[in-house]
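The structure is shown first, and the description follows.

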Amino acid sequence: MPLVEHLRELRNRLAKGLLAIAAVTVVALVYSEQLMVFLTQSVPKCAEGVTSSGGNCAIVSFNTLMAPFSTTIQISLTTGLVVASPVWLYQLWAFVAPGLHRHEKKYTYAFVAAAVPLFAAGAYLAYLILPVSVKVLISLTPDGSANILSLGDVLDFTLRMVLVFGLAFELPLILVMLNLTGVLTGRRMAGWWRGVIMGVFIFGAVITPTTDPVGMLALAGPITILYGAAVGFSLLNDRRRARANPDAELDDDEASELDLTPEAIGEVERVGGGRTVPEQANGAADRGRSQRLNGYDDIT
């Protein structure tokens, strides 16, 4: 396909993806207030007529004149990108897929089929932990001080937690893909288990700002289980690969085993003599003497 046709197809597919995002964004603008209420449910709000004092509750407010408008646009665009993701991801895939091999397409299908539910599970887990995290953070407010939170800050914190949890659940899947492509072996992943588990629990303790171990275990526990499943899958895949190709796990600079068993030599076949050139044929009568031409025994 010529370059102009590729550019035209890219333009059409980008237009379809942007149109889907714009359509969902318009719908989200209509229901922006309901979306704000849904995304701020993790904040323990103060009742009417009650002023926030200490770490009991918080008042969600807009701190600047443009904050209501910018927050509404932010929520609507984010909703448009997330809800319309099947459309623009499909357009991206349809543009890239013709240049992939059959096995690459197979791996891509498997990756997407596993990545979507894993990310959704991590995002849902983050949404369950958010109320506990926000309550712990608010509880640190000293008596006599009021908690007046910016709605933009609350939304940023919520989206950050959802993205971090969702992407953290993709780590085992990335390890599996590295094993399928031959970059990483299951034995090597199994040898990393101490460092990986320690890193996962430290990451869970840092990313979940709660004083109790519930938030840390809620993140580190599932990731540890998924890591164990990834290691088990990789070991089984390495064993299957070794049965199909005994030299599959050898390094590039490692020699494979050679079969040095001597083989029987068959009968020697007689090879007929080549045709002589005229210069050699002139002395054919004298076969006992070697023919020389210009100091050489034969002519080549």
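## Overall make-up

The protein chain contains eleven helices and two strands. The model is a predicted one, and in the order of the sequence its elements follow the pattern α-α-β-α-α-α-β-α-α-α-α-α-α.

Of the 300 residues in the protein chain, 28% count as buried, and the accessible surface of the chain comes to about 20700 Å², with 64% of that area belonging to carbon and sulfur atoms. When contacts in the protein chain between residues at least 6 apart in sequence are considered, 74% of them join residues at least 24 apart.

## Helix 1 and helix 2

Helix 1, which spans residues 3-30, packs with helix 2, residues 32-39, at an angle of about 80 degrees, and the axes of the two are 4 Å apart. Because an angle from 65 to 115 degrees counts as roughly perpendicular, helix 1 is described as roughly perpendicular to helix 2.

On the helix 1 side, the residues that meet helix 2 are Ala28, Leu29 and Val30, and their counterparts in helix 2 are Ser32, Gln34 and Leu35. Sorted by class, this contact of helix 1 with helix 2 has four nonpolar and two polar residues, and no charged ones.

## Helix 3 and helix 4

Helix 3 also packs with helix 4, residues 85-96, at an angle of about 55 degrees and with the axes 5 Å apart. The two helices, helix 3 and helix 4, are therefore oblique to each other.

Leu81, Val82 and Val83 of helix 3 make this contact with Ser85, Pro86 and Trp88 of helix 4. The residues of the contact of helix 3 with helix 4 divide into five nonpolar and one polar, with no charged residue.

## Helix 3 and helix 6

The axes of helix 3, residues 67-83, and helix 6, residues 151-168, come within 10 Å and cross at roughly 20 degrees. Since angles under 35 degrees count as roughly parallel, helix 3 is taken to be roughly parallel to helix 6, and the crossing of the two is left-handed.

Helix 3 contributes Thr71, Gln74, Ile75 and Thr78 to the contact, while helix 6 contributes Leu151, Gly152, Leu155, Asp156 and Leu159. By class, the residues of the contact of helix 3 with helix 6 are four nonpolar, four polar and one charged.

## Thr71, a residue of helix 3

Thr71 is found in helix 3, where it is one of the residues that make the contact with helix 6. Its relative accessible area is 4%, and Thr71 is therefore buried, the cut-off for that class being under 20%.

Leaving aside neighbours within four places in sequence, Thr71 is in contact with Met36, Phe62, Leu151, Gly152 and Leu155.

## Met198, a residue of helix 9

Met198 lies in helix 9, which covers residues 193-207. Its relative accessibility is 52%, so Met198 counts as exposed, given that this class begins over 50%.

Met198 and Ala220 are separated by 22 residues in sequence, and their C-alpha atoms are 9.5 Å apart in space.

Technical notes: Residues numbered from 1 in each chain as written. Predicted model: local features only at pLDDT ≥ 70, side-chain atom pairs only at ≥ 80, totals over all residues. Heavy atoms only, no water. Buried < 20%, exposed > 50% of the residue type's maximum accessible area, 1.4 Å probe, protein only. Contact = heavy atoms within 4.5 Å. Areas by Shrake-Rupley, 256 points an atom, 1.4 Å probe, with all protein chains shown as cover. Axes fitted to C-alpha atoms, helices over the stretch in contact; angles between N-to-C directions. Parallel < 35°, antiparallel > 145°, perpendicular 65-115°, else oblique. Left-handed = near helix turned anticlockwise from the far one by under 90°. Nonpolar A, V, L, I, M, F, W, Y, C, P; charged D, E, K, R; others polar.
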